[in-house]
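Here is a walk through one protein model with its ligands. Keep the structure open while reading.

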Amino acid sequence: MRLLLEMRADAHRLPEVFRFSGKVETMATSFSVPQRILHWLMAALIIFNLLVTDAMEDYARVFFGGQTPTPEQVSAANIHAYVGITILVLAVIRLCLRVIQGVPPEPKEEPPFLSLVAKLSHWAFYVLFFVMPFAGIGAYYFGNKTAAFAHAGPMKMLMWGLIVAHVLGALVHQFYWKTDVVKRMTSGVR
Ligand code: HEM
Ligand code: HEM
């Protein structure tokens, strides 16, 4: 099979159209609607779990202090656990969609070094989407102190750091480079 990616002669008019092994394919200019819905739904759930932690922290203090949490404390802590497990399930679906549907190409206004940084940070997010809930499960359901430390310390810090850098990156795209990067994750680029 010929694996040469050859541009069409009229590519200057239709830059998104490529010929791949004789088959004409259209390169996506936006994330698909399901990918966009998952992005914002997961962002909301992650922010919730990063900010609403009191009940889970109370539970952990009692449990790791060697006492038995009350049923009320368990119910309250369960909200954090169930939201976190939902994030994990959505991450599986999102990763499958990413593999099947791909992502739009990096914008040409972005310097190559920053494109690489963006790519690495997106993959770091994906690693956290899996590792963070699993560490939480290790702490909550198996009483593992190391997992609790990793979850509530380095993983939490890394998640916050990535989110701050990510939002700054989106703002730079929107207002400095004036690209349509934010549009490809919101209304879509037409
Ligand atoms: C991506 C999803 C999740 C995020 C963003 C998240 C975030 C957090 C945050 C910010 C804290 C408080 C850390 C602190 O300042 O002390 C925390 C604590 C905790 N979370 Fe999660 N969590 C997630 C998923 C889960 C899951 C799925 C479980 C369990 C089923 C879980 C169990 C715990 C436990 C047991 C603690 C207390 C740890 C301790 O203080 O020792 N988390 N989580
Ligand atoms: C907890 C919060 C967030 C997380 C975990 C997150 C995560 C991600 C990830 C992993 C991607 C890569 C696309 C993919 O493979 O699915 C992405 C793309 C994107 N995010 Fe977020 N995001 C968050 C919040 C935000 C916010 C608040 C904004 C807006 C300011 C934003 C704007 C974007 C944009 C515009 C893209 C597309 C980038 C591109 O086209 O290369 N995100 N986000």
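Which helix gives the most residues to the shell around ligand 2? α1 does, with five residues. Before going on, some ground rules. This is a predicted model, in which local features need pLDDT of at least 70, side-chain atom pairs count only at pLDDT 80 or more, and totals for chains, interfaces and linings use all residues. Residues are numbered from 1 along each chain as its sequence is written, while chains are lettered from A and ligands numbered from 1 in the order in which they are written.

The protein has six helices and three strands. Helices here are DSSP runs of H or I with at least four residues, strands are runs of E with at least two, and both are numbered from the N terminus. Along the sequence the pattern reads β-β-β-α-α-α-α-α-α. Of the 190 residues, 12% count as buried. Buried means that 20 or more other C-beta atoms lie within 10 Å of the residue's own; exposed means 12 or fewer, partly exposed is in between, and C-beta atoms are placed from the backbone. Contacts are pairs of residues whose C-beta atoms, placed from the backbone, lie within 7 Å. Of the contacts with a separation of 6 or more, 59% join residues 24 or more positions apart.

Return to ligand 2. Its shell holds 19 residues, and the closest are A43, H122, F125, A170 and M185. A residue is near a molecule if its C-beta atom, placed from the backbone, lies within 6 Å of it. Two or more residues each come from α1 (33-51), α3 (71-101), α4 (112-142), α5 (145-177) and α6 (181-184). By type, the shell has twelve nonpolar, four polar and three charged residues. Here Ala, Val, Leu, Ile, Met, Phe, Trp, Tyr, Cys and Pro count as nonpolar, Asp, Glu, Lys and Arg as charged, and the others, Gly among them, as polar.

Ligand 1 has 23 residues around it; A81, G84, G136, A148 and A152 come nearest. At least two residues of this shell come from each of α1, α2 (54-64), α3, α4 and α5. The largest share, six residues, belongs to α4. The shell divides into 15 nonpolar, six polar and two charged residues.

Now follow α4 itself. This helix has 31 residues and reaches 44 Å from its first C-alpha to its last, close to the 45 Å expected at 1.5 Å a residue. The expected span is 1.5 Å times one less than the number of residues. α4 bends by about 25° at L128. The bend is the angle between axes fitted to the seven residues ending there and the seven starting there. Its buried residues are M132, P133, A135, G136, A139 and Y140. Their cover includes α3 and α5. After α4 comes G143, with a positive phi near 65°.

The largest nonpolar core has nine residues: M56, Y59, A60, A77, A81, M132, A135, A139 and Y140. Such a core is a set of buried Ala, Val, Leu, Ile, Met, Phe, Trp, Tyr and Cys residues joined through C-beta atoms within 7 Å. α2, α3 and α4 each supply at least two of its residues. α4 gives the largest share, four residues.

Some single residues remain. P104 sits in the loop between α3 and α4. P104 counts as partly exposed because it has 16 C-beta neighbours inside 10 Å. Leaving out residues up to four places away in sequence, P104 touches A28, T29, S30, F31 and R184. S32 is 72 residues from P104 along the chain, yet their C-alpha atoms are separated by 9.5 Å.

P154 is found in helix α5. P154 has 11 C-beta neighbours inside 10 Å, so it counts as exposed. P154 and M132 are 22 residues apart in sequence and 10.0 Å apart in space, C-alpha to C-alpha.

Finally, K178 lies in the loop between α5 and α6. Is K178 buried or exposed? K178 counts as exposed, because it has 9 C-beta neighbours inside 10 Å. K178 has a positive phi of about 50°, although it is not a glycine. Most residues other than glycine have a negative phi.

How values were computed
Contact = placed C-beta atoms within 7 Å.
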